[in-house]
Amino acid sequence: VYPTILEKANTYLKEEKGYNEEELYDSVDEMIRKCRSLWDIRQKILVEDFRVVDPACGSGAFLLAVANILWDIHKRIGEQLGDSEADNDAWLKKLILRHNIYGVDINHNATEIARLRLWLWLVDSFNRNNLEALPNIDYKVVSGNSLTGFADITQMKEEGELSGQNNLAKWEDENIPELFKQKNEKTTRYEEITGDEAEEVKQKIESLDDRINDLLNDYYITWVKDDGVDLGQEEIRELDVFHWGAEFSRVFDPEKEPEERGFDVIVGNPPYIRIQELKQGQEKLVELLGELDDYETPYYNYDIALPFVERSQDLMNNSGQLGFIMTSKWLQARYGQ
């Protein structure tokens, strides 16, 4: 988290504020102490342009750790600026949950617990005499199979252009970028509201999600068939196929430049599961990992942690950084080459 924020801040100061190389900073601590553009850095980077995800988040331990790091940075910047909002811990934590934190796990119960942990982290800062509504993070910490689906939905358009398939027509006829724009607007609104209005907006988001995922699933079936994997709609549901570009449409906004789409930081502790174990009950996932061009690491008796590394590289933007706790065995095993 620290080096990514520092790199983004130095780039912003150089390109937008006219700083020269000698004026840039060697650490976040130095930047907080000395930078005369702290307010801009907080707004342009910490709030508007810093996205962290754990693709196997479990009950949210890593997400909570990142949230605490960001909270500490916000507090120190606020104190340096003499900003009264720096004393409002609940306000700062809401800001972080709304703008920075994302998580995915295949276990639905785990994501429910992760949301609860993040809410409790926030509630701990509430004034007991003035309780506030909790932010909606339904579309920030979600359940799905991280290793399946499209990392970036523009793959659908690109492959359609290359292959001349009907899906390029779908992209244009259904105006998929417009669907994403509508979802982004409604999701942003949903995070800010409560009660009946929130329920109404959520229903509209779910309707958009159904429409977008139907289109993407149809093409995903065609996509994997080209790599030799037969997949039907029932298997799509059983696999819990997860289209990152659709679920986190603000992070992978098709209107952004390709190098800007994706997460700034990916953290976590991916599952260490040998492929022999997956073959007992997860045959279709094993087939997908072994056949798809998206993955090069699945061979011999590999560990599923390796495809998580590969997928994470696809989920980062061009300046993103990845930090995983990893099993050491891949450093000696054949599949780790």
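Predicted model: local features only at pLDDT ≥ 70, side-chain atom pairs only at ≥ 80, totals over all residues.
**Notebook: helix packing and cores**

I started with the H1–H3 contact: Ile5, Lys8, Ala9, Tyr12 and Leu13 on the H1 side meet Asp40, Ile41, Lys44, Ile45 and Leu46 on the H3 side. By class, the residues of this contact come out as seven nonpolar, three charged and no polar.

Next I checked the geometry. H1 spans residues 2–15 and H3 spans residues 38–47, and the two pack at an angle of about 125 degrees with axes 10 Å apart. I therefore put H1 down as oblique to H3. I also looked up the hand of the crossing, and for H1 and H3 it is right-handed.

Then H5 (residues 89–99): which of its residues are buried? I found Ala90, Leu92, Lys93, Leu95, Ile96, Leu97 and His99. I wrote down part of what covers them: H3 again, along with H4 (61–81), strand S2 (101–105) and H6 (108–123).

On to the cores. The largest nonpolar core has 51 residues, and the members touching the most others are Tyr220, Val224, Trp244, Phe248 and Phe263. Which helix gives the most to this core? I got H10 (residues 195–226), with nine residues.

How values were computed. Residues numbered from 1 in each chain as written. Heavy atoms only, no water. Axes fitted to C-alpha atoms, helices over the stretch in contact; angles between N-to-C directions. Helix = DSSP H or I, 4+ residues; strand = E, 2+ residues; numbered from the N terminus. Parallel < 35°, antiparallel > 145°, perpendicular 65-115°, else oblique. Left-handed = near helix turned anticlockwise from the far one by under 90°. Contact = heavy atoms within 4.5 Å. Nonpolar A, V, L, I, M, F, W, Y, C, P; charged D, E, K, R; others polar. Core = buried A, V, L, I, M, F, W, Y, C linked by side-chain atoms within 4.5 Å. Buried < 20%, exposed > 50% of the residue type's maximum accessible area, 1.4 Å probe, protein only.
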